[in-house]
Amino acid sequence: MIESLGVVLDYNMNRESKRLTTISQELRCSDAYFHIIAKRVGKRLTVEKEIDQKLLSIKVPQLVLQPMIENAVVHGIERIKQGIIKIKIHSDVENVYLQVMNSGKPLTKEEKERIEILLNQRPEEIAKEMGHHVSLAIRNINERVKLIYGEEYGLCIEQEGEDIESTIVIPVREKKVEMERDSRENVRKRLEETGRF
């Protein structure tokens with residue numbers, strides 16, 4: 001338990017100030033987090049993984065999986081007696097997909113609207129509509145992915161049948177993404193306004 005906590009804390013502190021890490025390292029942190037959570041929820045949580053091993057060395061923004069998993073636990077598993085969280089990492093010709101799927105109660109209309117606001121509106125608009133006490137973890141993930149790879153990439157959260165799917169899309173290969181300077185600066189400013197850059 002202490003070892004797992006140490007892994008999560010050390011990874012979150014990011015002593016080397018790395019912007020990118022490997023999928024393998026992200027999974028290591030996620031495994032440590034699952035170990036800690038399992039001590040609290042016990043057999044209520046089942047974890048499944050479907051990982052394309054060829055993608056483990058792909059670079060991704062640091063600390064994107066664990067917040068998605070935490071979101072799945074808090075808003076999914078803790079609301080029901082027993083549930084499943086599935087991590088699926090796969091790719092096609094152009095993109096890599098990092099998915100966290102969890103069973104739980106279906107999203108309400110209000111929850112869908114809240115997610116839409118968090119992922120697509122500016123910080124000042126969020127403050128007007130939702131107040132100041134808002135968890136911005138999923139927004140931060142989305143903004144960082146867009147800043148690094150471009151506006152066509154990012155995070156989406158959808159209801160798929162009985163599951164809630166959170167999916168990050170990034171390019172399959174490290175490449176220079178053509179972004180207009182204004183677009184890049186706008187994303188950077190939004191991150192600075194939320195205090196997460």
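Trainee: What makes up the chain in terms of helices and strands?

Mentor: In this predicted model, the chain has seven helices and seven strands. Along the sequence they follow the pattern α-β-α-β-β-α-β-β-α-α-α-β-β-α.

Trainee: How do you know which strands are the edges of the open sheet?

Mentor: The sheet holds five strands in the order S2-S4-S5-S7-S6, with mixed pairing. Strand S2 (45-51) and strand S6 (154-160) each pair on one side only, and these are the edge strands. From one strand to the next the twist averages 15 degrees.

Trainee: How do S6 and strand S7 run, parallel or antiparallel?

Mentor: They run antiparallel, joined by seven bridges, with strand S7 covering residues 163-171. Gly 154 has Val 169 in S7 as its bridge partner. The hairpin of S6 and S7 has two residues between the strands, and Gly 161 takes a positive phi near 65 degrees there.

Trainee: Why does the length of helix H6 agree with its number of residues?

Mentor: Helix H6 (residues 137-149) has 13 residues, which at 1.5 Å a residue should span 18 Å. The expected span is 1.5 Å times one less than the number of residues. The end C-alpha atoms of H6 are 18 Å apart, so the two values agree.

Trainee: Why is H6 called mostly covered?

Mentor: Buried means under 20% relative accessible area. In H6, 12 of the 13 residues are buried, so the helix is mostly covered. Among the buried residues are Arg 139, Glu 143, Arg 144 and Lys 146. H6 is followed by Gly 150, whose phi is positive, near 125 degrees. For the chain, buried residues make up 46% of the 197 residues.

Trainee: Which residues have the most contacts inside the largest nonpolar core?

Mentor: That core has 41 residues, and those with the most contacts inside it are Ile 23, Ile 89, Val 96, Leu 98, Leu 155, Ile 168 and Ile 170. Helix H2 (residues 23-41) gives the largest share, six residues. Not counting residues up to four places away in sequence, Ile 89 touches Ile 23, Val 96 and Leu 98, among others.

Note on methods: Residues are numbered from 1 along each chain as its sequence is written. This is a predicted model: local features need pLDDT of at least 70, side-chain atom pairs count only at pLDDT 80 or more; totals for chains, interfaces and linings use all residues. Side-chain values use heavy atoms; hydrogens and water are left out. Two strands pair if DSSP finds at least two bridges between them. Helices (H or I, at least four residues) and strands (E, at least two) are DSSP runs, numbered from the N terminus. Axes are lines fitted to C-alpha atoms, for helices over the stretch in contact, and angles run from 0 to 180 degrees between N-to-C directions. A nonpolar core is a set of buried Ala, Val, Leu, Ile, Met, Phe, Trp, Tyr and Cys residues joined through side-chain atoms within 4.5 Å. Buried means under 20% relative accessible area, exposed over 50%, partly exposed in between (1.4 Å probe, protein chains only). Contact means heavy atoms within 4.5 Å.
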